[in-house]
Each structure stands twice: as structure tokens, then as C-alpha cells.
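Please examine the sequence and the three-dimensional model shown here before reading on. The explanation is meant to be followed with both in view.

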Amino acid sequence: MNFGRFITRRLSLLLGSAMFRYIVRRLLYMIPVFLGISIISFFVMYAAGDPLNIIRLGRPTVTQETIDSLRRYYGLDKPIPLQYLNWLTNVLQFNFGKSLYGGRPVNFLIGSWAWETIKLQLISILLAFAISIPIGINSAKKQYSKQDMIITSISLFGVSMPTFWLGLILIIIFSFWLGWLPSAGSRGAPYLWWGNPILDQIAHLIMPVTVLVYVMLAQNIRLIRANMLEILRSDYILAARASGLSERKVIYKYALRNAIGPVITYLGISLGMMIAGAPMTEYVFNWPGLGRRYVDAAMRLDFPLVMGITMIITVMTLIANLIIDICYVYIDPRIRLR
Amino acid sequence: MASNRKEKPKRRSASQWAVAWRRFKRNKAGVFGLVIVMAVFFTGIFGSFFAPYPARPNPDAYKPFYEGDVRKPPSWLDPEQTNKWKYLFGTTPIGTDVFSDVIHGTKYTIYVGLLVTVITMALSIVIGAIAGFYGRWVDNLLMRIAEVFLVFPALLFILVFVRIFTLTVGEPFLTLPIINIQIPTGLTIVVLILAFFNWASNARMIRGEFLRIRELEFIEAERALGASNTRIIFRHILPNLLSSIIVISTLTIAYAILLEAAVSFLGFGDVNAITWGQILQENFSEMRTVWWAEIFPGIAILLTVFGFNLLGDGLSDAFNPRLRD
């Protein structure tokens, strides 16, 4: 059939294409990184000592036999490399074990907490990037103008400020003094804020989103501004201007495309780290997301949960990095696909 | 005068440092940062001489408690207090003076900032130099390791490690033998862990610089003269990197201070070392009433980090005028 030949030819073209090889190579590069992180997070547990000692604490009646049988049951009598392999095969099947507190599966816990974090983070990331790009460009265009000075100092302030402290100030002012916004949580207990479930959700989101957006905004504006400044001085911008293009076109078509690289990297990292949430912000606003739960789990040394969350964040970050690299190839044709 | 001028050796052209300093002096923001940083160092070193109350383990620190001055707002805001200078930043629910706490916390902040930076920079210079200079598989291996450290969520790992290692702390303070300074053990552990998890991005930057300079002509010339690798690294490449290393270090100090504040605020810090983050953590649950104990330590962190950031930016402009028009 002609059609079959067409498919095989397309497929072989695709498989032989530079892009495909590039992606495969990046994927192969990810394997050692993944293994490295898995080893570190596995040995976190061993740094804390024998997990079975926890059972002994405060329970003098536990006999050595019980400990031994538990050790055999959980496979802790095997050599450590074997235990690691065992754990890794479980992780690869998305089986992270059970939480030490409450005994519910880690998968289930993460699944039930992730939504709140994703909601908060996605809104903030999108807002921050939508706002920061035009501001950063404007600031670079009018370097040393009054507007630029104000924006750079505000963003330097944002970089210097502890995230959680901004949250504290907002809570003190807007919840305690003015009483306009809820100080904690993600949902309307004890009563619906502003009388409507949707408005209530918005009321709870305003302050955490403000904090997250401000911090990301500050970082982003600095990045874009620094990049744009360097690019606006380059020869090809001069050439573009000399050839009579409109300022708008010069900036948005030529300069921005070159300046956007680091911003995309930052966006990718933010999206990859999204699941990790912002532990600080979630802690301050008592937001029931993954970041806050992670802090609790670390405090109680709930290892299966800690390791599970870490591995999921790792995988997400790796995937985000891969996507960034692929985007780079499209944005910047100077990157050769070796 | 004329004879005087004769005796002087011929004036050498200004060194790179003198030029940079002259440029730095013209940068108002950078000088402002330097002033803040110097003020922070001054408070850290001499703070115990002018703080109204002594540092925490000393029972005198709780004097306001015995005088019944618990949860007092800053005295300049409170019409009920007659002495407007008594509690500048108010008092906490456990009866300590926030102003004294902030002053005593300064030395820990400096300790954290400097030690984290020294260790981080040492690690990243060694790793970056090896990777950038020797290239090939060494570079590949080291950069893969750096990638591991860059990819994973550092703050989360820091929390777990700090928790594990501070559980095993025995003595709350270590005493340095000769100079007789007490060092909080838990805080030192936090510092080591922060440093261990933060070298990767700096190492990558230094590696990049090494890669760039390695290919320059004067290195080639040096090699043609028969210089050894060690000589090239230490005498020719590193001095060229010194300015960027100083800039990165300044920014790393700022970052380390912020991170330590975060770790302490989340309740993972050393309870024996009352850092600014620790003050915030102690009074977090009482925030509704004692807001002053949350605001003033935060301002201290903000100002310090702001100062180091301004200084870093200023230095970077001074060393690297290309970016400055």
C-alpha cells in the first residue's frame, strides 16, 4: 500500500530527525539525575538511624523478637543496596508506601492535597508572568527614568524580602486591623466570606496570591530588565532601527525574542516546582496544600511522605526542564541540535 | 613641595581595584548598601554593649517579665507608658525586649551569612575550577552532580536534614578554645546544611567563566611558556575571576540570610540561638496581639538583605562597567 509506505517514511523521518535525537538524548541525561536524587532521598532515611528504633521509644515492653520479625517483614534485614533497589522499583510503580502517621497511602495523601497547591500556584505564576514582561520591557526601554528607578527599587525590595514576612504584614494589616480578608485557610470556615462560595474562594486567595506574585514579579522584572538592557545595546538592534523598523517592532519582535530565554527557564522551573508549592507562604496562611503538609511531615520525620513528595517534585522538575530545552530550540535557532 | 614630588616614585596607573572603587563611590545605591552592611556588622560585633538587656540564656533577659511588662507595645506608640525609650520594639509574651533580641540576633545573622558563603564559595570554586579547567568527562560528571543539586527542591531537603541532624545535638553551645567565643551547635548544623545544598548554581557560574577564560590567548601564551596547570589556575585564571567571585559572594550572603530566616521561621532552627527568624517563629502564634514582635525583626532581615543586595549590585556595576552604559 502506498499509505503504509507513507507512514513508515514519515516515521523514519521523525525518528531520524535532529529534534527527536535531541529529545532522546535529553531523556537519557535525565536518568542519572533522577537516580542521584533518588539515592539522596533514600539515604535521608538512613541518616536518621534505624527506623525501628522509633517503635521502641516509650514502649519498654516491645521485645527483641518483635523487632526482629518486623525487620524481616519490612525487609530491613537485607543489605542496603538491595533495599534501595526494592524501594526504587516501588517508586517507579508509583508506590510510595504509607504515611507513618495515620497509615494512609502516600499516593492518596498527595493526590488529595495537590489540588489546593496547584490552584494557588497556577494563578500566581500566570499572573506574575503576564504582568512582569511588559513592566520589565518598559523599565529597560526607559533606563534611569523615574519610572525605571521606582520599579527597580520595588523589585529589589521584593528580592530582599522574606516571603513569609510579607505574608505576616498583610495578615496583620488586612485581617487583624482592617478585617477585610480571611487570615488563614483556603475555604470559608467558620462562615462564607462575602456570602458566596466563589467570592469566598477569591477572598481566601487574594493575600497568598499577592505574596507569591510579588516575589516572582520582583525576580522576573530584574531578569527581563537586565537582559533587555544588554540586548538593546547590541548591533542587530541598531541594524533593525537603522533599517527603519518601528520601535514597537524592534522591541517586541527582535529584542524580546532574544531576551525571553531566561524568563522561559524561570517559568519552567516555577511550573516544575509548582507541586512543591511555596512552603513558606502556605505555612503563613495555613493553606492546606502540599507545601504546608511537607513542612509538617519533615517536622515529624514522616519519611515515606517526605520521600514521596520529593520524588514527585523531582520528576516534575525534570519534565519541566526538558520542555524548557525543547522550547529553547524553537525560540533560539542558534542553538544547534548536535 | 617640588623636592617632595621628586622623591616620590613615578605614579603608577590606577589598579583595577582603585578604578572599581572610584566607580563604586559614584553609585549612590551601592554606597547606601555598604553603609547598611557596615551598620549591621557594627551591631553584630558591639551590640552587646549597648543592648538594654543581655542575650537570652542570661536570666536578666527576662527582666521585663519580672517587672510585669509582658506584651507591651513599642513605648513610643503607647500613651500609657511614661518612658518613651524603654521598649523601642515592644516586649514579647514571654517577657523579653524585642529590641534587645533583634540586636543580639545580628551576630547570628552575620555568622550564618558569612560562614554559609565561605563554605559555599570554597566548594563551588573548587568544583567549578576542576570542571571548567579539565573539561571532558570530569566536567560532565561534576555538572551532572550539580544538576542533581539544582533540580531537587533544596528548601525541602534542607528542612529534613536540619530536622534529622539537630535532633542529635548534645551540647547547645560549642566554645572555641583560644578566642573563647560560644558557637551555637544547632545553628552551625543549619549553616553546614545550607552551604551543602547551595553550591551548585555558583559552581556552574564559575565553571562557565573558567571555560571562557581557558580559551583566551594569554592562557595559550602561558601554556606555550611551559606553565603548569596549577600555576595557570591559581596565578592566571582565578585572579581574573576575583571580581565576579566577590559579587557572587555578596549576593550569596543575602540569600543565606533569607534562607536561614525561612528555616528558623518554619520551626526547624536552633532554639538556643535566637536569630531573627527564631523571634518571628516564637511569636507567630501570638501575632494577633504582639504584632510588633513580627514586624521589627522582619524589618531587620529586610534591611540587612537589602543592604547586601545593593552592595552586590553596586560592586557588579563597578567591576563590570559594560552593563552600565
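Predicted model: local features only at pLDDT ≥ 70, side-chain atom pairs only at ≥ 80, totals over all residues.

Residues are numbered from 1 along each chain as its sequence is written, and chains are lettered from A and ligands numbered from 1 in the order in which they are written.

Confidence is expressed as pLDDT, the predictor's confidence in each residue, from 0 to 100. For chain A the mean pLDDT is 80, and 91% of its residues reach 70 or more. Within chain A, confidence is lowest in helix α3 (residues 53–56), with a mean of 66, and highest in α8(A), at 89. Helices (H or I, at least four residues) and strands (E, at least two) are DSSP runs, numbered from the N terminus.

Chain B has 13 helices and two strands. Its C-alpha trace spans about 80 × 65 × 45 Å along the principal axes. Of the 325 residues in chain B, 44% are buried. A residue is buried if 20 or more other C-beta atoms lie within 10 Å of its own, exposed if 12 or fewer, and partly exposed in between, with C-beta atoms placed from the backbone.

The contact between the chains takes 39 residues from chain A and 33 residues from chain B. On the side of chain A, the elements that each supply at least two residues include α2 (18–47), α9 (197–232) and α14 (303–331). By class, this side of chain A has 32 nonpolar, six polar and one charged residues. Here Ala, Val, Leu, Ile, Met, Phe, Trp, Tyr, Cys and Pro count as nonpolar, Asp, Glu, Lys and Arg as charged, and the others, Gly among them, as polar. B:V160 touches A:V44, A:A298 and A:V306, not counting residues up to four places away in sequence; two residues are in contact if their C-beta atoms, placed from the backbone, lie within 7 Å.

B:V160 is also among the residues with the most contacts inside the largest nonpolar core, which has 148 residues. Such a core is a set of buried Ala, Val, Leu, Ile, Met, Phe, Trp, Tyr and Cys residues joined through C-beta atoms within 7 Å. Helix α11 (residues 229–265) of chain B gives the largest share of this core, 16 residues.

Two packed helices are described by the angle between their axes and the distance between the axes. In chain A, α6(A) and helix α11 (residues 247–272) pack at an angle of about 145°, with their axes 11 Å apart. Axes are lines fitted to C-alpha atoms, for helices over the stretch in contact, and angles run from 0 to 180 degrees between N-to-C directions. The contact involves A:I125, A:F129, A:I137 and A:K141 of α6(A), together with A:I251, A:L256, A:L267, A:S270 and A:L271 of α11(A). These residues divide into seven nonpolar, one polar and one charged.

Two residues of α6(A) complete the picture. A:K141 counts as partly exposed because 17 other C-beta atoms lie within 10 Å. A:N138, in helix α6 (residues 106–141) of chain A, is partly exposed as well, with 18 other C-beta atoms within 10 Å.
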